[in-house]
Amino acid sequence: MTDTIRYETDADGIALLTIDLPGASMNVFNEQLIKDLDTCVDKILADDAVKGAVITSGKSTFLAGADLNMLGSQSGKGATLEEKFAGAFALNKLFRKMETGGKAPKVLAIEGTKPFAAAINGLALGGGLELVLACHYRVVADDPRIQLGLPESQVGLLPGGGGTQRLPRLIGIQAAAQAITTGKPFNPMTAAGLGIVNEVAPLADVVTKAKEWVKKTSSAIAPWDKKGFKYPGGAGAMNPAAVQTFIGANAMAQKQTQHNYPAIEAVLSCLYEGGIVDFDTAIRIESKYFLKLLSGPVAGNMIRSLFINKQAVEKGSLRPKGFERKTVKRLGMLGAGLMGAGVAYVSAKAGMDVVLLDRDAAAAEKGKDYSRKLVETGVSRSKVTKEKGEALLSRIHTTSDYADLKDCDLIIEAVFEADEVKRDVTQKTEAVIGKDVVFASNTSTLPITGLAKNFTRPHQFIGIHFFSPVDKMPLVEIIMGEKTDDETLALALDYVSQIKKTPIVVNDSRGFYTSRCFGTYVSEGYAMVQEGVKPALIENVGKMSGMPVGPLAVGDEVAIDLGYKIGIATKKALGDKYVASPADAFAEKMVVELERFGRKNGKGAYVYPEDGSKKHLWPELSDHFPVAANQPSVDEVQSRLLVRQAVECARCFEEGVLIDASSGDIGAIFGWGFAPWTGGPFSFIDTYGVAKFVAEADRLAQAYGPRFTPPKLLRDMAAKGETFYGKGDTRGRLTKAA
Ligand code: NAD
């Protein structure tokens, strides 16, 4: 018996190890579990009365991988390289001891060792699957929801417990490369088909089946420890199939990652190098690459933003204390257009009743059609049962009558983006709803404080800003008006948690946080076209920087005329404070003179052929915006695109629009796709070095205009040697408004 593993032996001399971390809902590899497993393995190997062992879990999940909080805080600073390697190799060493019984390869090949079997009763991801793969036999429960996968590359790491070596030896290099670089899990049947597991059994029988195998196995040996082992499909520098696989895999991986994700390159290196050496050397190679990734900035930044901080906000870290958790049962959704229809769907899906109101019954029904379509697709793909789909639809009640909003416990407005329309629906709604019902607006540009004036209870007025398409986009930006109170914020966060989205909370400002900063990416692309930079260079460098698409492509998606209109409104509102950019002239010419609005009228910086063939850059762009003789370098374009966005984010931080650096990072990655490899703009500035970043922004301001001028906050931080994230601090610096 250890802290994390129950150890029992039965009459057949089979040890049953049940992993059960105390006080945790899921099993994960932490330092204690590694230590305890080591103790148990030693005990099994040393005890002659023990014939072999079965490993299972005492929870509904088997093992969900390594504790990323532990990895994220493992700086290893001060340790020697040997000590750091020993740390990275610990899991490999333990698994290998279990697999070989600690025997030398030649002895093992003759004698074999005590059998270990895994009884997989729930999901096994990352280190969980690696533990399973190091067992000699694997039985998995026949539940299709169980996931078996190696998702480490999604947070900038690689499977460092032998995963990059055992999986390709089981299923071949091509399939393993696919699984490890994408992180896509297998279900039990697929895993069995590929040979990742040996047996699929009913949940109640997995331990018995695993024991039966141990009982009849006097000595075990992994396939790769047998003499003459060969990779399925081949491996090695001289194997034509393997060489072909690597040519393809490298090209594909780099196309998708644009060299921004060192983990992908490292995985492919592990697979290649591991295929030309013996197993014990191969796992040392794996640990070397693992350590390299762990010591580099990308994994640390990705783990912090994509995992630790994302989970923290989803679990309520931004929720003010002292307010009872509430459940929204009936949502009033004003406006059944693109956004309202999406919000109605995700809310009904989460079990809420939704009153979907539009100007007339037909418009409201049209909004409900959106849900009907999604349900239909879900049912046809067996993602949802017909009954559940019908129940979801029955929860959406369409109307044009405000009286139907009477019993709603939250209202969200997504009508046209016009002050007078918003005022009208707000007042009509307030007249019929309860006296403490919160009213939220999904406006993308109108300040919340101004809209709150249409409501007699501004403390209960808040911004809940969704992204399109609502059912796919994970982020929700909650905006506090000047008078919004904490209880209202708590309810908004409770609602976001009900629909299982990731919230950030920001203070009111023109364009809030996401729209304001995202806009700079598009504008910088426009500015460059106006200056004569080749559009293809801009678009390709945008993608090479790690942004999902180029600035001109995304500008076409959101509509050039919308950006132009917002620009005019901003100029009007800011007066002398407005910082002009060459982008203004680009947008004006495209909209007013050329009537190219983007995808919506089939004409933007791109051409959208009517026959549905692939869009391409508009060849005549250069007639209207002549291409300069001297073109900037890739690095220069990349710096403009990323630094421009990060400067705006830093300004939001300085102005108190943001509450903390981590919200800024999460909002940027999940809101507008800011290069995830950076961990977000604040992680990017830290990694760049604040002083170096300030110098680069100053240089760009000198060359291209004051929109690049770094805010005072950054100069002060540079002078004091400060960063947004301190050592071991994941939330990051708080703004004065926090
Ligand atoms: P939309 O034009 O698709 O839908 C607006 C809906 O509001 C229409 O169905 C319209 O009939 C209805 N409507 C208009 N006046 C009304 C009234 N007086 N009473 C009842 N219904 C009325 O617009 P959308 O794209 O869904 O945007 C709605 C809001 O969401 C806007 O404030 C917009 O700024 C914001 N928003 C849009 C996006 C986006 O990507 N489209 C993203 C975030 C926020």
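1. Helix H19 has 13 residues (486-498), which at 1.5 Å a residue should span 18 Å, and its end C-alpha atoms do lie 18 Å apart. The expected span is 1.5 Å times one less than the number of residues. Helices here are DSSP runs (H or I, at least four residues), numbered from the N terminus.

2. This is a predicted model, in which local features need pLDDT of at least 70, side-chain atom pairs count only at pLDDT 80 or more, and totals for chains, interfaces and linings use all residues. Residues are numbered from 1 along each chain as its sequence is written, and side-chain values use heavy atoms, with hydrogens and water left out.

3. Helix H19 is mostly covered, with ten of its 13 residues buried (under 20% relative accessible area, 1.4 Å probe, protein chains only). Among them are Thr488, Asp494, Tyr495 and Gln498. Just after H19, Lys500 adopts a positive phi of about 55°.

4. The ligand is surrounded by 21 residues (a heavy atom within 4 Å). Met339, Asp358, Glu417, Lys422 and Ser444 are the closest. By class, the shell holds ten nonpolar, seven polar and four charged residues.

5. Helices H14 (338-349) and H17 (419-430) each supply at least two residues of this shell. H17 gives the most, with three residues.

6. Oxygen atoms of the ligand lie 2.5 Å from a polar side-chain atom of Glu417 and 3.1 Å from one of Arg359. For Val415, a polar backbone atom is 3.4 Å from a ligand oxygen atom. Taken alone, the ligand exposes 830 Å², of which the protein buries 79%.

Key: Polar contact = N/O pair within 3.5 Å; in protein donor to acceptor, adjacent residues only side chain to side chain. Areas by Shrake-Rupley, 256 points an atom, 1.4 Å probe, with all protein chains shown as cover. Nonpolar A, V, L, I, M, F, W, Y, C, P; charged D, E, K, R; others polar. Buried < 20%, exposed > 50% of the residue type's maximum accessible area, 1.4 Å probe, protein only.
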